[in-house]
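Student: I would like to learn how to read helix packing and aromatic pairs in a model. Could we start with the packing of helices?

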Amino acid sequence: YPTLGLASALNQAIAQILRVNPEAAGRLADFKAQSERIGLGQLEALYASTFDLQAGCSLYAGYHLLGEDWRRSLFLAELNGRYQAAGFSCGDELPDHFAVLLRFLSVQTNPEEETALRDDCLFPAALKVAARLDPLLNPYRAVLDALLLCLTPQGASVEASERGRGERGGLAGSPARAGLKPSGGDGGSSADFQSAVSPISNRQT
């Protein structure tokens, strides 16, 4: 959410990302220029109307992957279990919020789980949100573009990366392929969880 410290945070992010992904840094610079042009008040209103009031632009990955039913509830419970096991806190946010997933990925020490969460959860969800934002009308599209570029392997295009994810098995963005199986405890049975997060090839979005 945009705050008075946005410009400083963007400058820091751009400087850090520039070293590893100049194209993504450029998209953040575009967003910074647009945000300075329209002002903080309008940026706040646009954030709310985009991400809070439009379900299709929600920043909750589980909603885009599984819908708003019991399957997402199991997904949230499993993410919470992973966070607790790692000593990670999602604060006041739900565990599948983009920002929470990104913070968790930044401290992730398991390469396989990092790749799975990035490729099969965060990337396809972010791709769906980006597709709904007009780059000429909504400056937040530049932020989503930067995120997708950072989540895409160096040297590959976002489009090629998405095709590759789809070819690897069923619906791109299946938490089942992210290795998110019950870690034991209260998330329901293994069969229930697998049913919750298995690829849903005929899901309409």
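Tutor: Axes are lines fitted to C-alpha atoms, for helices over the stretch in contact, and angles run from 0 to 180 degrees between N-to-C directions. Keep in mind that this is a predicted model. Here α5 and α6 pack with their axes 12 Å apart, at an angle of about 35°, and the crossing of α5 and α6 is left-handed.

Student: Which residues of α5 and α6 make the contact?

Tutor: On the α5 side they are Leu79, Arg82 and Tyr83, and α6 contributes Val100, Leu101 and Phe104. By class, the residues of this contact of α5 with α6 are 5 nonpolar, 1 charged and no polar.

Student: How many aromatic pairs are there, and how is the pair of Phe31 and Tyr140 classed?

Tutor: Planes under 30 degrees apart count as stacked, over 60 as edge-to-face and the rest as tilted. The count is 8 aromatic pairs. For Phe31 and Tyr140 the planes stand at 40°, with ring centres 5.3 Å apart, so this pair is tilted. Phe31 lies in helix α2 and Tyr140 in helix α8, 109 residues apart, and the pair therefore links distant parts of the chain.

Student: Are Phe88 and Phe104 buried or exposed?

Tutor: Buried means under 20% relative accessible area. Phe88, at 13%, is therefore buried, and Phe104, at 3% relative accessibility, also counts as buried.

Key: Residues numbered from 1 in each chain as written. Predicted model: local features only at pLDDT ≥ 70, side-chain atom pairs only at ≥ 80, totals over all residues. Heavy atoms only, no water. Phe/Tyr/Trp six-rings, centres within 6.5 Å; stacked < 30°, edge-to-face > 60°. Helix = DSSP H or I, 4+ residues; strand = E, 2+ residues; numbered from the N terminus. Buried < 20%, exposed > 50% of the residue type's maximum accessible area, 1.4 Å probe, protein only. Left-handed = near helix turned anticlockwise from the far one by under 90°. Contact = heavy atoms within 4.5 Å. Nonpolar A, V, L, I, M, F, W, Y, C, P; charged D, E, K, R; others polar.
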